[in-house]
Amino acid sequence: MSDVEDAIAEIKFDADGLVPAIAQQHDTGEILMVAWMNREAVRVTLAEGRACYWSRSRRALWRKGETSGQVQVLKELRLDCDGDTVLLLVEQEGVACHTGRRNCFFRAWRDGDWVEIAQPLVSPEDLYKEPSA
């Protein structure tokens, strides 16, 4: 068995073949986002050195930044004590959230209401615009 297959064998995927994946900025500790990975997403991430997730809505692999250019370069993959959650320490290039914010955790429960605590750094339209022909 290869080193990658040995690594994957230690991960406890759920009944749908998925594991929660937390992306964290490697040098600041900032939590960027949470996504899902299947076995192939883990293989691709380890082979390519950049984050690849499983899109539950599209039912397909999703290489972070493939349409937006906001790539996550993998620094280290970690496994929690139960083996059922992975942590990706990454170098985030640009913003992590599809809303154009640095991270996906831009709402805080304060005084009985959800409050936006971070504004977009780039518009989603600019992130996902069609390439010019």
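A residue counts as buried when its relative accessible area is under 20%, as exposed when that area is over 50%, and as partly exposed in between (1.4 Å probe, protein chains only). The model is predicted, so local features need pLDDT of at least 70 and side-chain atom pairs count only at pLDDT 80 or more, while totals for chains, interfaces and linings use all residues. Residues are numbered from 1 along each chain as its sequence is written, and side-chain values use heavy atoms, with hydrogens and water left out.

**Exercise 1. Work out the strand order of the open sheet of 4 strands, and state which strands stand at its edges.**

Step 1. The order is 2-1-6-5, with mixed pairing.

Step 2. Strand 2 and strand 5 (72-79) each have a single partner strand and therefore stand at the edges, so that one side of each is left without a neighbour in the sheet.

Step 3. Neighbouring strands of this sheet are turned by 25° against each other on average, direction ignored, where axes are lines fitted to C-alpha atoms (for helices over the stretch in contact) and angles run from 0 to 180 degrees between N-to-C directions.

Step 4. Helix 2 (residues 39-48) packs on the sheet and touches strand 2, strand 5 and strand 6 (86-92), contact meaning heavy atoms within 4.5 Å. The direction of helix 2 makes about 120° with that of strand 5.

**Exercise 2. Decide whether Gln24, Arg59 and Asp111 are buried or exposed.**

Step 1. Gln24 lies in strand 1 and is buried, with a relative accessible area of 17%. Not counting residues up to four places away in sequence, Gln24 touches several residues, among them Gly29, Leu32 and Leu88.

Step 2. Arg59, in the loop between strand 3 (52-55) and strand 4 (60-63), counts as exposed at 62% relative accessibility. Its phi is near 55°, a positive value in a residue other than glycine.

Step 3. Asp111, in the loop between strand 7 (107-110) and strand 8 (113-116), counts as exposed at 85% relative accessibility.

Note on methods:
Pairing = 2+ DSSP bridges. Helix = DSSP H or I, 4+ residues; strand = E, 2+ residues; numbered from the N terminus.
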